[in-house]
Every structure is written in C-alpha cells, then in structure tokens.
Amino acid sequence: MSADSDYASPAVRKLREDLALALRAAAHHGLSEGVCNHFSVMLPGVQDRYLINPRGLHWSEIGPDDIVLIDVHGEVLAGRHRVEPTALFIHGAVHRLTGHAVVLHCHMPYATALTLTVDRALDPTASQNAMRYMNRIAIDAVYNGLALDDAEGERIARSMAGENAGKDIAFLANHGVIVAGATIAHAYDDLYYLERACLHQVIAQSTGRPLAPVDAKLAAHVAAQIQGEREQSDLFFEALRRMLPAPRA
C-alpha cells in the first residue's frame with residue numbers, strides 16, 4: 001500500500017484525529033511550549049512509518065489533516081507540512097529502539113523543573129498520582145545539547161532500552177520528558193497525570209518541609225491498581241474530544 005493510501009485509510013484517519021486531539025489537549029492544559037516539541041504514533045502493523053505533528057503550528061490549531069506521515073529515518077511520506085529536525089531524530093530513535101507505539105515528548109513546566117534537580121525525576125512514592133509511575137520511570141541523567149543527529153536521538157532512546165526496556169516514562173536531564181504507551185488515549189492520560197504529580201511534588205517541596213513518602217511496595221500496589229483499569233483514561237480522552245473539537249481544515 002502506498003503512503004498516500006495509508007494516510008487516507010479510515011484507521012490512520014482515526015489515529016490522525018486522536019493525535020491532533022492530544023496535541024490540542026496539551027495546549028489546553030498548558031503542557032505545550034511555543035510551536036516546539038512533538039507527539040507521534042506508529043501506524044498499526046507497520047514498524048517503519050509513524051504520524052507526527054508538523055513544524056510551525058501551535059498545538060491548539062492542529063487538526064487531523066495537519067498531521068504528517070514520516071518514516072523512522074525522517075523522510076516525509078504524506079502530509080502538507082514540514083517536520084522539525086529534532087522530532088525526526090528523537091521520535092525515530094525511540095520508536096525504532098523501544099518499539100513503543102506512541103511517543104509524547106514535551107517540556108511541560110513542573111516535570112521539566114524536576115529534571116533540573118539532582119534527583120532528575122519525580123519521586124513515585126510521594127503522592128497518589130505519582131504512585132502510578134512506580135517502576136515505570138527511566139532517567140537520562142546527562143544533558144548533551146539539542147538532538148540534531150541520529151547519535152543524540154539514539155542516546156536519548158537508549159535511556160528507555162536495554163536494562164530499562166519496558167519503561168515508558170523518561171525524564172531527560174535539563175530538558176523535558178518522554179511518555180510512551182500503547183494508545184494515544186492512555187499515553188496522554190499518563191502525560192497529564194505526570195505533570196499533576198510533578199506539580200504536587202514541587203509545591204510540597206516549596207514549603208521547605210521534608211516529603212513523607214509511602215512504602216515502595218504500597219506504591220507498586222497502587223501502580224498496579226491504576227494500570228489494571230484504564231477505562232478512566234479512555235473516558236477522559238473522550239471528554240477532551242467533546243471539549244476540544246478539531247478546527248476547520
């Protein structure tokens with residue numbers, strides 16, 4: 001099947017609608033930054049093609065026809081826009097090396113603030129929201145400049161591979177976060193609640209009082225409870241669909 005046929009198919013049209021919705025939701029929730037950062041999703045049953053947001057559009061204005069189809073090497077296969085270079089290197093590498101279907105990368109404020117600390121990441125034993133990420137967090141502890149080549153994209157992606165294979169949250173030192181998942185709805189829900197958990201931790205730490213974490217085993221139990229029932233994630237995404245309709249093409 002040609003790239004244009006893939007792009008126009010009903011299944012891919014639905015993915016384009018969902019990816020555009022996730023981008024508009026991120027803008028609505030204050031998780032976007034100018035016209036930078038990127039969300040992507042692999043085509044179902046295809047390991048070398050994925051959809052991503054275009055260069056130069058604010059996330060609040062993106063509709064399904066603005067989404068671009070590219071391959072893991074960054075070649076634009078279908079769509080009417082260009083793609084920002086760091087998107088090609090980071091997302092191509094993460095999809096290729098980890099196999100995650102959905103990759104959301106942004107510099108959302110409170111999560112990024114925690115990447116600037118010596119701990120580099122959220123404490124997953126601190127709050128109930130944070131507990132859902134217990135045993136899911138990988139840390140890229142070294143900042144190495146902009147991801148403008150394959151080597152840097154792959155270095156970032158390796159933080160979620162090897163001994164960290166299967167981890168779907170990455171805190172990138174002095175940079176931002178990556179949230180990966182199997183579906184756009186579930187990954188966006190994780191992104192939203194990750195920022196909420198980081199917000200709560202930053203506020204708690206700003207009091208100057210020590211944090212009062214729970215036992216790690218209890219945190220892992222809470223994580224399993226949340227991961228075992230994701231209907232709430234799907235319902236949240238459908239609520240966002242009603243709240244944030246696509247702009248006219």
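The points below go from the whole chain to the sheet, and then to a pair of helices.

1. Please keep in mind that this is a predicted model. The chain holds nine helices and eight strands. Its radius of gyration is 17 Å, close to the 18 Å that the globule rule gives for 249 residues, so the chain is as compact as a globular protein of that length. The C-alpha trace spans about 55 × 40 × 30 Å along its principal axes.

2. Of the 249 residues, 51% count as buried. Among contacts between residues at least 6 apart in sequence, 68% join residues at least 24 apart.

3. Now to the sheet. Eight strands form an open sheet in the order E4-E3-E2-E1-E5-E8-E7-E6, and the pairing is mixed. Strand E4 (76–78) and strand E6 (137–140) stand at the edges with a single partner strand each, so one side of each has no neighbour in the sheet. On average, and ignoring direction, neighbouring strands are turned by 25 degrees against each other.

4. Strand E5 (102–106) deserves a look of its own. Five of its five residues are buried, so E5 is largely enclosed by the rest of the structure. Both faces of E5 are covered: Val102, Leu104 and Cys106 lie on one side, with Val103 and His105 on the other.

5. Which strands pair with E5? E1 pairs with E5 in the antiparallel sense over four bridges, and Phe39 stands opposite Leu104 of E5. E8 also pairs with E5 in the antiparallel sense, over five bridges, and here Val103 stands opposite Ala180 of E8.

6. Elsewhere in the sheet, strand E2 (residues 49–52) and strand E3 (residues 68–71) run antiparallel and are joined by four bridges. Arg49 is found opposite Asp71 of E3. Helix H3 (residues 85–98) packs on the sheet, where it touches E1, E2, E3, E5 and E8; the direction of H3 makes about 40 degrees with that of E1.

7. Finally, how do H7 and H9 pack? Helix H7 (residues 184–206) and helix H9 (residues 231–243) meet at an angle of about 90 degrees, and their axes are 8 Å apart. That makes H7 roughly perpendicular to H9. H7 contributes Ile184, Ala185, His186, Tyr188, Asp189 and Tyr192 to the contact, while H9 brings Ser233, Asp234, Phe236, Phe237 and Leu240. These contact residues divide into seven nonpolar, two polar and two charged.

Key. Residues are numbered from 1 along each chain as its sequence is written. This is a predicted model: local features need pLDDT of at least 70, side-chain atom pairs count only at pLDDT 80 or more; totals for chains, interfaces and linings use all residues. Side-chain values use heavy atoms; hydrogens and water are left out. Axes are lines fitted to C-alpha atoms, for helices over the stretch in contact, and angles run from 0 to 180 degrees between N-to-C directions. Helices (H or I, at least four residues) and strands (E, at least two) are DSSP runs, numbered from the N terminus. Angles under 35 degrees count as roughly parallel, over 145 as roughly antiparallel, 65 to 115 as roughly perpendicular and the rest as oblique. Contact means heavy atoms within 4.5 Å. Ala, Val, Leu, Ile, Met, Phe, Trp, Tyr, Cys and Pro count as nonpolar, Asp, Glu, Lys and Arg as charged, and the others, Gly among them, as polar. Two strands pair if DSSP finds at least two bridges between them. The radius of gyration is taken over C-alpha atoms; the globule rule is 2.2 Å times the number of residues to the power 0.38. Buried means under 20% relative accessible area, exposed over 50%, partly exposed in between (1.4 Å probe, protein chains only).
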